[in-house]
Amino acid sequence: MKHTTLFATAAILALGSFAVTAQASGGEALQGIPATGERMSMSEVITKLEAEGYRVDEIEFDDDGYYDVDLYDANGRDIDADIHPVTGKVLEWKIDD
């Protein structure tokens with residue numbers, strides 16, 4: 001009986017870990033995304049990105065829990081980036097053709 005309970009607990013923990021990881025879009029998992037009032041505002045995200053040398057063209061908060069930002073780097077490349085809503089860190093990006 002004790003082994004069955006231990007096995008069931010381990011299986012539940014493993015599935016829970018997989019579910020959290022599966023939410024990631026190639027960057028950090030959505031685990032721990034706080035309520036709306038705790039995330040950076042769009043203007044704060046723009047200020048942070050501009051301080052890093054980017055020019056922001058468009059920003060929106062997506063259903064996936066991240067900011068989706070269209071921006072240009074110092075070389076003029078058009079980039080689509082997912083930004084963590086609390087840290088402002090670029091999690092995933094791709095160059096738009």
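Biologist: Which residues form the negative surface patch?

Modeller: The negative patch consists of D57, E58, E60 and D63. Please note that this is a predicted model, in which local features need pLDDT of at least 70 and side-chain atom pairs count only at pLDDT 80 or more, while totals for chains, interfaces and linings use all residues. Residues are numbered from 1 along each chain as its sequence is written, and side-chain values use heavy atoms, with hydrogens and water left out.

Biologist: What makes a group of residues a patch, and what makes it negative?

Modeller: Patch residues have over 30% relative accessible area and no salt bridge, and like charges are joined within 9 Å. Asp and Glu count as negative, and the charge is placed at CG of Asp or CD of Glu. D57, E58, E60 and D63 form such a patch.

Biologist: Why is E60 called partly exposed?

Modeller: Buried means under 20% relative accessible area and exposed over 50%, with partly exposed in between (1.4 Å probe, protein chains only). E60 has 34% relative accessibility, so it counts as partly exposed. E60 belongs to strand β1, residues 55-61.

Biologist: What makes β2 a mostly covered strand?

Modeller: Five of the six residues of β2 (residues 67-72) are buried. For the protein, buried residues make up 24% of the 97 residues.

Biologist: How many bridges join β2 to β3, and how many join β3 to β4?

Modeller: Six bridges join β2 to β3 (residues 78-83), antiparallel, and five join β3 to β4 (residues 90-95), also antiparallel. I83 in β3 is the bridge partner of Y67, and V90 in β4 is the bridge partner of I83. In the β2 and β3 hairpin G76 takes a positive phi near 80°, while in the turn between β3 and β4 G88 has a positive phi of about 75°.

Biologist: Why do K48 and E52 count as a salt bridge?

Modeller: The criterion is a side-chain nitrogen of Lys or Arg within 4 Å of a carboxyl oxygen of Asp or Glu. The closest N and O atoms of K48 and E52 are 2.6 Å apart, and the two form a salt bridge. K48 is partly exposed at 27% relative accessibility, and E52 is partly exposed at 42%.

Biologist: How many salt bridges does the whole structure hold?

Modeller: The search finds two. One of them joins R77 and D73, with the closest N and O atoms 2.6 Å apart.

Technical notes
Patch = residues over 30% accessible without salt bridge, like charges linked within 9 Å, V, L, I, M, F, W, Y side chains within 5 Å. Areas by Shrake-Rupley, 256 points an atom, 1.4 Å probe, with all protein chains shown as cover. Helix = DSSP H or I, 4+ residues; strand = E, 2+ residues; numbered from the N terminus. Pairing = 2+ DSSP bridges.
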